[in-house]
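Please open the model in your viewer and follow the selections below in the order in which they come.

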Amino acid sequence: MRTPAALARQHGITRALAFGAHPDDIDFGAAGTIAALTAAGVEVTVCLLTSGDAGGFEPGRDSQAMARLREAEQREASALLGVRDVLLLDERDGFVKPTDELVGKIVRVMRQVRPEVVISPHPERAWDRLQKSHPDHLACGEAVVRAAYPYVENPFAYPELLAEGLEAFKIRHLLLTTAPQQQVNLRLDVTGQESLKMAALRQHFSQHPDAQRMEGFVLDQMRQIHGGAGYAEEFHWVTVNAPDTISGF
């Protein structure tokens, strides 16, 4: 089983861009991998579609206050993982749709960051554990995949971006979290990063009425994915553009 650092070396990854529908999505799916990538010198940017204003367990807190809290939680969690840049879009929590407008916003971010690999929730529903497939997660995944191909590499798509100097380029790979089990084709050994992942998840305190139970569940899942004495995260790895890829085929 490879480590994230070995994956980065193999594929020449120097920049990664991670999308989440809500604060904590990225940390549940890939915090160990992100921590290992930044430790290996990879620059990772996080982009959230919503501020998570519909989350939490405090009925008396209004949505604006929840959004501010969750944004702060994400910035703190990301900093622990070695991520400096956290970008926020303005989609409505609970109502994310893969519209042309949202795809355009994602293309803009992709062209600004120009990563070799994009991390995102999977666009397919996972029936083995439906909680992985919140409708916002599915919509985020669909919008990111559409942006990754063909729009980010099509200079005629979203011409206003080209006019701003944001030139088209090709995404090499997708690293999709929350995948249906039949789509999982990559497991990364993040042993040694599990404590950082737990620390990042603890920052999202507004979302965990029973933090101890949450941590036990996540660590148990990571041990099962590893299958040995360590910890791992699993993904659907997709190569969008390889050296021999012909555009459109």
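**A walk across the sheet**

Select L175 to begin: W237 in β7 is its bridge partner. This is a predicted model, in which local features need pLDDT of at least 70 and side-chain atom pairs count only at pLDDT 80 or more, while totals for chains, interfaces and linings use all residues. Residues are numbered from 1 along each chain as its sequence is written, and side-chain values use heavy atoms, with hydrogens and water left out.

Next, select residues 173-177 and 232-239, which are strands β5 and β7, paired in the antiparallel sense over four bridges; strands (E, at least two residues) and helices (H or I, at least four) are DSSP runs numbered from the N terminus, and two strands pair if DSSP finds at least two bridges between them.

Contact here means heavy atoms within 4.5 Å, and angles run from 0 to 180 degrees between N-to-C directions of lines fitted to C-alpha atoms, for helices over the stretch in contact.

Helix α5, residues 135-148, also packs on the sheet, touching β1, β4 and β5.

**The loop between α5 and α6**

Select Y149 and P150, which are joined by a cis peptide bond with omega of about 10 degrees; P150 is found in the loop between α5 and α6 (159-163). In that loop, select Y158 too, a residue with a positive phi of about 50 degrees although it is not a glycine. Y158 is buried, with a relative accessible area of 16%, where buried means under 20%, using a 1.4 Å probe and protein chains only.

Terms used. Buried means under 20% relative accessible area, exposed over 50%, partly exposed in between (1.4 Å probe, protein chains only).
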